[in-house]
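Colleague: I would like to go through this model with you. Please show it first, then we take the questions in turn.

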Amino acid sequence: MTMQPLRRTTFGLLGAVAITALGALPAAAQAPAAGGASILDAIKARGTLVCGVNTGLAGFAQPDSQGVWRGFDVEYCRAISAAIFGDPNKVRYVPTTAQSRFTALQSGEVDVLARNTTWTLSRDTSLGLDFGGVNFYDGQGFMVKTSTGVKTAKELNGATICVQPGTTTEQNLTDWARANNVQFTPVVIERLEELVSAYASGRCDAYTTDVSGLAATRSSQPNPAEHTILPDVISKEPLGPLLRHGDQRFADLVRWVHYALVAAEEFGITQANVAQMAANDTRPEVQRMLGKNGGLGQMLGVPNEWAVNVIRATGNYGEIFARHLQPIGIQRGPNALWTTPGGQQYAMPFR
Amino acid sequence: MSQTATDPRHLRTPPKRQIRLTWADERVRAIVWQVLIVGAVIGVIWWLVRNTQHNLEVRRIATGFGFLNREAGLPIGEHLIEYTPASTYLRALTVGVLNTLKVAVVGIVLATTLGTVIGIARLSKNWLLSKIAAVYVELIRDVPLLLQLLFWYTILQGLPGPRQALNPVAGVFLSNRGLKLPFLDWQVAHSWALLAFVAGCFATWLYAKAMRRKQMQDGRPRPIWPAALGLLVGLPLVVWSLGGAPTAIDWPELRGFNFRGGMTISPEYFALLIGLTTYTAGFIAEIVRAGILAVPHGQWEAAQALGLRSSTVLRQIVLPQALRVIVPPMTSQYLNLTKNSSLAVAIGYQDIVSIANTTLNQTGQAIEGIAIIMAVYLTISLSISFFMNWYNSRIALVER
């Protein structure tokens, strides 16, 4: 009988907790529906943009020695922030791994993912996600130690190849190997640092990822000349910012921030001359883009001078490319403007 | 069977109490609370499931296990069963489960052996031996397992490349691609011989049991080794000979980038196995030590007074009693080792977590992927618990 008082209090306490939980149910059930309505409004109310970036890839997203994030993808976060708030620094960066990125975006932990993500049909449909344009045309390649003397990818028959799991890279590799009858042993490590160290130590004969990623890795090696990027490109990797389904207005904004950056390069608008262009340029499309007339910003749900703010913050597409990617040895190639031969970067009309 | 022997006190039933529907009745209160709590738990679960379903639908995220039959396209380095990138996700996940079992089973056997040796060494009268064991336990126990795994993996990566591989014995190559050993060119006869060996193990166990029963009747010990030798060695040999006695051996040799042929123990597997074994052995050593110390010293003295050798004392008197203390915490260590094998992701060994992670990333079906991982670990862990509990009840103190 000495147990009785204890049991009674325990039951009482649990009961109280259960009733509280039950009482809270209807309120909680409403929350997800309300939160999913407008991502753009939520960002404005919060005052910051939450941007998912790479955990650290030279040229694309990497914190510098002061802990400030820098890189090509980071500039897109800054550009979107500038378009919404007029200030490129209202961004909170969330480093995501290849495997955590989609869940982070789906669950609403981040608003937009600017993280070397390849646009594929299954990602566009079954993940509940949308792509906001292509800001970088990439392709998958191989890097080997120069000392191996390998000249083309098909010579890699029998080789051990380092590859990151959970990416299109892994599937491209197997597709290519099957198509070309190449046998290989995979070494699959999730963390990029561990993977690169496995390649560098000779655990693998070759390392495969997007050519831009290979260039970034090569440039961060103690002696880049020891590594050769093979000429073969085995896949198409259109990379772009990724959004979740639910708010078309925010998707529109992200898409048009990219087009503004490309169009600015086309019109010769740079970080340095944007203020002067906004005031004096007489071309109608430039006037519309820079918010002098047409009210395009309003249509996007942001201030009319949004494009001026974006270009003042980051410069045009070419400037961003030159600042972050050319130093690590990536050429414009397919990412040149459509007006140059072979270029594919093309902005939709500002009208 | 006689009715007269019944104690009349047992026939009396306690008086029936009327349940009154009032808050003052203790039993009514208890029932109300229990119904409420069970209802609340069910309600929370139902709400979670509904909420998840609703959100998945709204975001148009695919659900269901249909993806298991789709082509996986994943490269997997180590597989115990036939696997190509054209195989299905189901097959890929099966490969992952087998890889997890491969490291867990071997790890448990090695950790138990190593841990027992170190635990006994720590109790040794030899000062140096006991101190070495103590330092080992303290060192291993106090460093996080993940760091130890990365340490072993880095060490193995420091080995020379395949062209400069260490070659201590003909046919054995040690390089940063792993350990290459010559291995039988596997034929059907080998499979049959292996099956015969397993059958031999079972037969030996039955034989030993029968002999023990006879010893219990007349007290005379009977040697079982002649029969064991016949069943464990003779029987497989006979089967192997009947199968044509194939002796071809697959020697590893350097061709192109890598060694071809023979058997490979990859650096990833090896690093994980060493890491898990040495780490868990540190804990097992302490459990074994505690178990042995829990046997009263009088038992040692009594056994020695009978003139038994100290190895016999340990084996026949002390260890059987120590096992009662050792087995329950040992179960936890086995479960820990199995679950810790999921750290394989960090060093690129493709266990179930690694493959399921990739799967959920390719298909985007995170809930299903995580559910599969949980189901696999739950099944393995419950099997270990079940077996260990059975073993524990078998060796529990039988009071006569």
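Modeller: Domain bounds here come from an automatic or database domain assignment. This is a predicted model: local features need pLDDT of at least 70, side-chain atom pairs count only at pLDDT 80 or more, and totals for chains, interfaces and linings use all residues. Residues are numbered from 1 along each chain as its sequence is written, and chains are lettered from A and ligands numbered from 1 in the order in which they are written.

Colleague: Which residues form domain 2 of chain A?

Modeller: The assignment gives chain A a domain 1 of 39-137 + 240-334. The C-alpha centres of domain 1 and domain 2 of chain A lie 29 Å apart. Domain 2 of chain A is 138-236.

Colleague: Which elements give two or more residues to the side of domain 1 of chain A that touches domain 2 of chain A?

Modeller: In chain A, 16 residues of domain 1 are in contact with 14 residues of domain 2; contact means C-beta atoms, placed from the backbone, within 7 Å. Strands (E, at least two residues) and helices (H or I, at least four) are DSSP runs, numbered from the N terminus. The elements are strand 5 (112-118) and strand 7 (136-138) of chain A.

Colleague: Is Gln365(B) buried or exposed?

Modeller: Gln365(B) sits in the loop between helix 12 (352-363) and helix 13 (366-395) of chain B. Buried takes 20 or more other C-beta atoms, placed from the backbone, within 10 Å of a residue's own; exposed takes 12 or fewer, and partly exposed lies in between. Gln365(B) has 25 within 10 Å, so Gln365(B) is buried.

Definitions and conventions: Two residues are in contact if their C-beta atoms, placed from the backbone, lie within 7 Å.
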